[in-house]
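Dear colleague,

Please find the structure below, passed on to you for your own reading. My notes on what was found in it follow.

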Amino acid sequence: MMSDQAKARVLLLESIHPDAVSRLEEDGFQVESVASALDEAELIERISGVHLLGIRSKTKVTAKVLEAADSLAAIGAFCIGTDQIDLAAASASGVAVFNAPFSNTRSVVELAIAEIISMTRRLTEKNALMHAGVWDKSADGAHEIRGRRLGIIGYGNIGTQLSVLAENLGMSVSFFDTADKLALSNAHRCASLDELLEASDIVTLHVDGRPGNAGFFGAEQFAKMRQGSLFLNLSRGIVVDHLALRDALRSGHLAGAAVDVFPQEPKGRGDEFLSELRGLPNVILTPHIGGSTEEAQSDIGGFVATKLAKFLTEGNTTLSVNLPGVVLPEQPGLHRIVHVHVNTPGVLAQVNRILAEHNVNVEGQLLSTRGEYGYLITDIGKGYSDSVLEQLRAMEQTVRLRVLS
């Protein structure tokens with residue numbers, strides 16, 4: 001529906017899957033793909049003239065970046081989390097944000113299960129000894145996961161699926177979440193974090209990276225875990241105190257840990273990785289690959305790219321993280337006005353009054369609001385004067401106005 005889509009520029013960072021590139025190029029967009037993340041200064045330098053920005057978890061889209069973005073319409077987070085994006089600033093700029101909340105869930109869950117089994121059987125240590133030429137056939141310290149209790153902190157899309165698979169493997173499951181979540185199967189909801197820590201043989205984190213979660217899990221929490229228990233973090237690096245984790249491992253209070261995310265991560269493939277956890281026995285360190293399977297990345301690439309394309313060409317905001325969800329079926333031969341505005345009473349009436357005063361007939365219209373912002377799609381005929389758009393843009397509540405044709 002967008003007449004100038006061939007001119008639209010797309011910047012994809014952090015080696016986003018080729019399926020995303022193909023999907024966007026098929027729609028006529030000009031796509032530039034960059035292998036590594038960009039820091040704030042680098043992104044500010046390159047963001048001018050970009051209509052769609054695609055990132056993963058390492059690139060930070062700050063208020064300064066958004067201020068420098070003179071053409072940006074939408075941001076695609078080709079991952080689950082969106083804490084790397086200043087959502088308030090994006091909304092205030094009328095920039096839509098999309099993510100992939102479900103696409104890599106299975107990949108993260110399977111990695112967690114693999115790591116739980118690996119640590120419980122001490123496979124990392126046995127593997128290292130074998131490569132060193134040492135034959136150590138012994139059952140000492142090796143256990144089945146059947147009958148052990150898994151404590152899941154964060155019972156969202158990943159936590160719930162992990163809960164189901166763990167029970168199918170014969171584990172008991174407890175979970176703790178600050179939100180009111182329905183327990184699946186025989187999972188036990190804990191009234192407090194302390195209750196979960198004291199009862200679990202294995203504790204796994206699946207929380208988001210909002211600033212309030214920084215340092216969420218530290219020395220106090222590790223001390224409350226059971227002697228000889230295991231710890232996993234496949235969520236966000238900032239939520240765990242790695243010095244405290246190292247101390248708990250060195251003292252023998254924890255028998256093992258698996259960590260996939262870190263407070264500071266290298267920008268690109270092949271860069272040096274620094275961590276207090278390097279070299280510790282029975283510790284599995286992976287380079288933020290929880291969702292990095294070919295299946296997940298392909299699915300994410302197609303899913304988020306489609307959301308970005310539909311937003312730019314049709315104004316479709318289904319599953320937007322920050323703007324109200326609106327879908328209005330296309331009608332050929334019309335112009336579509338997309339209006340992001342501050343959510344105050346009378347906006348719809350004011351828009352329609354301006355249209356009526358210029359004898360513009362509304363052929364289709366849909367409004368939705370979320371918090372302090374509203375999102376309005378209006379389809380009108382092509383015969384209207386520029387003063388219609390000028391008056392709509394001049395409205396006190398207008399955040400952003402786009403015309404699709």
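R353 and E357 both belong to helix α12 (residues 347-357), where they sit four residues apart, about one turn of the helix. Please bear in mind throughout that this is a predicted model. The side chains of R353 and E357 meet in a salt bridge, with 3.0 Å from N to O. R353 is partly exposed, as its relative accessible area is 41%.

**Other salt bridges**

A search of the whole structure gives 18 salt bridges. One of them joins K310 and E314, whose side chains meet at 3.2 Å, N to O. These two residues are four places apart in helix α11 (residues 294-314), so about one helical turn separates K310 from E314.

K181 and D177 form another salt bridge, and their closest N and O atoms are 3.5 Å apart. Here K181 is partly exposed, with a relative accessibility of 29%, while D177 is buried, with a relative accessible area of 13%.

Salt bridges also link D194, E220 and K224 in a network.

**The chain as a whole**

The protein chain has 405 residues, of which 50% count as buried. Its secondary structure comes to 13 helices and 16 strands. Along the principal axes, the C-alpha trace spans about 85 × 45 × 35 Å. The chain exposes about 18,300 Å², and carbon and sulfur atoms supply 50% of that area. Among contacts between residues at least 6 apart in sequence, 64% join residues at least 24 apart.

The chain is divided into domain 1 (7-99 + 293-322), domain 2 (104-285) and domain 3 (324-404). Domain 1 is thus given as two segments of the sequence, 7-99 and 293-322. Taken over C-alpha atoms, the centres of domain 1 and domain 2 are separated by 31 Å. The contact draws 12 residues from domain 1 and nine residues from domain 2.

The size of an interface is often expressed as the accessible area lost when the parts come together. For domain 1 and domain 2, about 870 Å² is buried between them, with 50% of it on carbon and sulfur atoms. On the side of domain 1, K58, I80 and D83 supply 50% of the area buried against domain 2, more than any other three residues.

Two salt bridges are found across the interface of domain 1 and domain 2. As for D83, its side chain meets that of R236 in a salt bridge, at 3.2 Å from N to O.

S107 is found in helix α5 and counts as buried, at 12% relative accessibility. Which residues does S107 contact, leaving aside its neighbours within four places in sequence? They are G290, G291, T293 and A296.

I117 also has its place in helix α5, which covers residues 105-120. I117 is partly exposed, with a relative accessible area of 33%. Together with L123 and L169, I117 forms a nonpolar patch on the surface, and the accessible area of the three comes to about 230 Å². A patch takes in residues with over 30% relative accessible area, so I117 at 33% passes that cut-off.

H242 is found in helix α10 (residues 242-250). Is H242 buried or exposed? H242 is buried, with a relative accessible area of 4%. Apart from its neighbours within four places in sequence, H242 is in contact with G237, V259, V261, F262, P263, S275, E276 and L277. One of these is V259, which lies 17 residues from H242 in sequence. In space, H242 and V259 are 9.8 Å apart, C-alpha to C-alpha.

With kind regards

Methods: Residues numbered from 1 in each chain as written. Predicted model: local features only at pLDDT ≥ 70, side-chain atom pairs only at ≥ 80, totals over all residues. Heavy atoms only, no water. Patch = residues over 30% accessible without salt bridge, like charges linked within 9 Å, V, L, I, M, F, W, Y side chains within 5 Å. Areas by Shrake-Rupley, 256 points an atom, 1.4 Å probe, with all protein chains shown as cover. Salt bridge = Lys/Arg side-chain N within 4 Å of Asp/Glu carboxyl O. Buried < 20%, exposed > 50% of the residue type's maximum accessible area, 1.4 Å probe, protein only. Contact = heavy atoms within 4.5 Å. Buried area = accessible area lost by both parts, 1.4 Å probe.
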